[in-house]
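Please walk through this structure with me, from the overall fold down to single side chains.

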Amino acid sequence: MQDYLFSDYRARLVTYIANHQEQLQQQYMLQLAEAGQQHVLLHQDARTQQVYLVASGLVKVTRTTSSGQAFTLGVFDRGQPLGELEVMMGIPNFCTVQALTHCTLYCIPAKAFLQMLAQEPAFNILMHQATASMLLNTTHKASILGTNRLLYTLLIVLRELSMLNELKLSKSLLAEFLGTSVRNLNRLLAQLEAEKILQLRNASIGQINLPLLIKRIQIYETTIH
């Protein structure tokens, strides 16, 4: 199962919203909003009042256990729906969602989102396709992440940050988002620097060789399988 199966449906969702934005604003109170770095969009166990769709930027999804230990479930980009499952199922937020970079998001009130699913068949189908492909993609990645979750997640985050030209993250902030210590992060960054994938500059990442980074991800996934 390839990653494009998920990202393709996410892109279709954004395209659909953009092409029908004026209509959706009038009928379903759709709004375009911005969220600054580290802004929390959804709080775990709270009741969400809105469904979000990421138009640009990166968001981090975490789940905290009853013992207080937080686990990073993923970092997602353009086209990612947020809070849609909780609204459809009528349950509190399963996770906390935080902006990793500056984000632009489409926002739809919870009740209007349910109406939109009922009254807009094309949107309904796209939402279900995106959800189904996300489950398939999660299953595919589980075998990879189970071998070295932190390294793989770091590689993916660095790829997305590089493509968004968002390399101003400090090591401490990056470690926080990855749910690890700065010491562990430094070890992995030193490994990637030795492979000439990136260059470190004091307490931050100075430059990334994107072609080498993408190749490293491909080699890693091929090796796992």
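Buried means under 20% relative accessible area, exposed means over 50%, and partly exposed lies in between (1.4 Å probe, protein chains only). Helices (H or I, at least four residues) and strands (E, at least two) are DSSP runs, numbered from the N terminus. The model is predicted: local features need pLDDT of at least 70, side-chain atom pairs count only at pLDDT 80 or more, and totals for chains, interfaces and linings use all residues. Residues are numbered from 1 along each chain as its sequence is written, and side-chain values use heavy atoms, with hydrogens and water left out.

Start with the whole chain. The protein chain has eight helices and ten strands. Of its 225 residues, 44% count as buried. A contact means heavy atoms within 4.5 Å. Among contacts with a separation of 6 or more, 74% join residues 24 or more positions apart.

Next, the interior. In soluble globular proteins, nonpolar side chains tend to be buried together. A nonpolar core is a set of buried Ala, Val, Leu, Ile, Met, Phe, Trp, Tyr and Cys residues joined through side-chain atoms within 4.5 Å. The largest one here has 28 residues, and Leu154, Leu158 and Leu174 have the most contacts inside it. At least two residues each come from helix 5 (121-163), helix 6 (171-178), helix 7 (182-194), strand 10 (204-208) and helix 8 (210-224). Helix 5 gives the largest share of this core, eight residues. Look at leucine 174. Beyond its neighbours within four places in sequence, leucine 174 is in contact with Leu154, Val157, Leu158, Leu169, Leu185 and Ile205. Another core lies apart, with 22 residues that include Ala55, Val87, Leu117 and Met127.

An α-helix has 3.6 residues a turn, so residues three or four places apart point the same way. In helix 4 (residues 110-119), the buried residues are Ala110, Ala112, Phe113, Met116 and Leu117. They fall within an arc of 160 degrees seen down the axis, so they line one face of helix 4. That arc is taken from the directions from the helix axis to the C-beta atoms. Lys111 and Ala118 are exposed on the other side of helix 4.

In helix 7, Leu185, Leu188, Leu189 and Leu192 are buried. Their arc around the axis is only 100 degrees, which puts them on the same side of helix 7. Arg183 and Ala194 are exposed on the other side of helix 7. Just after helix 7, lysine 196 takes a positive phi of about 65 degrees.

Now go to a loop. Threonine 48 sits between strand 2 (40-42) and strand 3 (50-56). Is threonine 48 buried or exposed? Threonine 48 is buried, because its relative accessible area is 14%. Its side chain reaches the backbone oxygen of glutamine 50 at 2.7 Å. Not counting residues up to four places away in sequence, threonine 48 touches Leu42, Gly83, Val87, Asn93 and Ala110.

Leucine 85, in helix 3 (residues 84-89), counts as partly exposed because its relative accessibility is 32%.

Notes
A polar contact is a pair of N or O atoms within 3.5 Å; within protein, one must be able to donate a hydrogen and the other to accept it, and residues adjacent in sequence count only if both atoms are side-chain atoms.
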